[in-house]
Amino acid sequence: MIKRLNVYDAAMRRLKIIFDSFDYVYVSFSGGKDSGVLLNLCIEYIRRYAPNRKMGVFHMDYEAQYKYTTEYVQRTLAANSDILEVFHCCVPFKVVTCTSMHQAYWRPWDEGMQELWVRPRPDNCFTKNDFDFFSENLWDYDFQILFSQWLRRRKGVKNICSLVGIRTEESYNRWRVINSEKNYKHFCNHRWTRVIDNLACSAYPIYDWKTTDIWIANGKFSWDYNRLYDLYYQAGVPLFRQRVASPFISEAIYMLDIYRAIDPDTWGRMVSRVNGVNFASIYGASTAMGWRAIKCPEGFSWKEYMYFLLNTLPEDVKRNYLEKLNVSINFWRNKGGVLSNETIERLRGANVEFTIGESTSYKTNKKPVKMEYLDDIDIPEFREIPTYKRMCICILKNDHFCKYMGFAITKREKELKEEVIRKYKLLRDGREEKSGV
């Protein structure tokens, strides 16, 4: 009879594979519950099975965060300084914000805004001057990719692996990271890994853990954790909504009002730091920010309401939304989105005009459907159908990138990202050739 491993034993087995296979391993540590448990697992593994080994800790400091998170990060790193090499990064990369109609992003640790910083920059941290790949066009998620290559060169090792504490239970996007086959390679066929290039890899050792597993592990092993979660619990925040993240992204807007109660000193500085924070905290869970069932004003169609909203915005912001809308209209008109048979039948039942294509380039059993934009539609798959109501929701949410509409980064943003990565690879390869690494 085959013994089924529990999630703890499975995670420790995965860590053995990683530590046995890579010259250098580091953990991405945000101060949240998932990355905290992953770091504790790694610390335990090293102390039990690899006592002569050190491990890196990569901490991206977003400046605006609860003091409890800052204290937990400092406490954990100090308690294990004998085996941890800390890369505490305070860098002004671009970070998405959904609090403002005027700002699509903000920059933590922007030196031009130093008088408004939420807190002083920590001593002995890494700044933009430490990274030869830094540029003003760099987003936080690009920084993570380039950091891995930078660190491998800095350590002078042949290969490197970054450990990330994501769990598929948290969101569909995280589930897709593990289960999607598109453009991904796995290290030695382990589905919980992603090969970045021949020299670097990412791994997700706790991808199959549940939220309850996280707290069971903290209790059973008496691991330290971010005490912010105790306050979340006392405030009545459900376990699945307790997150430690950049406070200005869409997933965190509804939590902004809790900042005022839990950490008023930090809140007072945040209000001045990023445009629209106070408004978002008051209305973040209301129809004003598009979070609940919004209603079209009397006398308006959703299309008319959309243009009314657009006309209240700055010209560059309005132009951005219109560009996204035109791309979406052309996509549904000429290429078509893929829909299930059930959804197609519901469209027929609603007397919607559409055509079904014979094939699609997507790896799916769904069928490509071409159609014009609708004003609104009342079906369970509302978020899959192109409607002006969905565009209104994006505008009300300050969703400048239209993630609610299913948009990824733009072609221009992708080109900028690829150019930064290309230049850094040329720089890296040239240095390695000279050094003989």
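**A mixed sheet and the cores around it**

In this predicted model, six strands make up an open sheet of mixed pairing, and their order across it runs β3-β2-β1-β6-β8-β7. The edges are taken by β3 (84-89) and β7 (193-197), and because each of these has a single partner strand, one side of each is left without a neighbour in the sheet. Averaged over the sheet and with direction ignored, neighbouring strands are turned by 25° against each other. Strands of a sheet pair through backbone hydrogen bonds, in either the parallel or the antiparallel sense. Within this sheet, β1 (residues 24-28) and β6 are paired parallel over four bridges, and Tyr 26 has Ser 162 of β6 as its bridge partner. Helix α4 (residues 140-155) packs on the sheet, where it touches β1, β2 (55-60), β3, β6, β7 and β8 (200-203), and its direction makes about 140° with that of β3.

In soluble globular proteins, nonpolar side chains tend to be buried together. The largest nonpolar core here has 36 residues, among which Leu 41 and Leu 163 touch the most other members. At least two residues of this core are supplied by each of α1 (7-21), β1, α2 (33-49), β2, α3 (67-79), β6, β8 and α6 (211-220), and the largest share, eight residues, comes from α2. Leaving out residues up to four places away in sequence, Leu 163 touches Leu 15, Ile 18, Val 25, Tyr 26, Val 27, Ser 28, Leu 38, Cys 42, Ala 203 and Pro 205.

Val 164 lies in the loop between β6 (160-163) and α5 (172-179). Val 164 counts as partly exposed because its relative accessibility is 22%, whereas buried means under 20%. Apart from its neighbours within four places in sequence, Val 164 is in contact with Ser 28, Leu 38, Ala 203, Tyr 204 and Pro 205; of these, Pro 205 is 41 residues from Val 164 in sequence, although their C-alpha atoms are 7.6 Å apart in space.

For the protein chain as a whole, there are 15 helices and 11 strands, and 49% of the 437 residues count as buried. Of the contacts between residues at least 6 apart in sequence, 68% join residues at least 24 apart. The accessible surface of the chain comes to about 22400 Å², and carbon and sulfur atoms account for 49% of that area.

How values were computed. Residues numbered from 1 in each chain as written. Predicted model: local features only at pLDDT ≥ 70, side-chain atom pairs only at ≥ 80, totals over all residues. Heavy atoms only, no water. Buried < 20%, exposed > 50% of the residue type's maximum accessible area, 1.4 Å probe, protein only. Contact = heavy atoms within 4.5 Å. Areas by Shrake-Rupley, 256 points an atom, 1.4 Å probe, with all protein chains shown as cover. Pairing = 2+ DSSP bridges. Axes fitted to C-alpha atoms, helices over the stretch in contact; angles between N-to-C directions. Core = buried A, V, L, I, M, F, W, Y, C linked by side-chain atoms within 4.5 Å.
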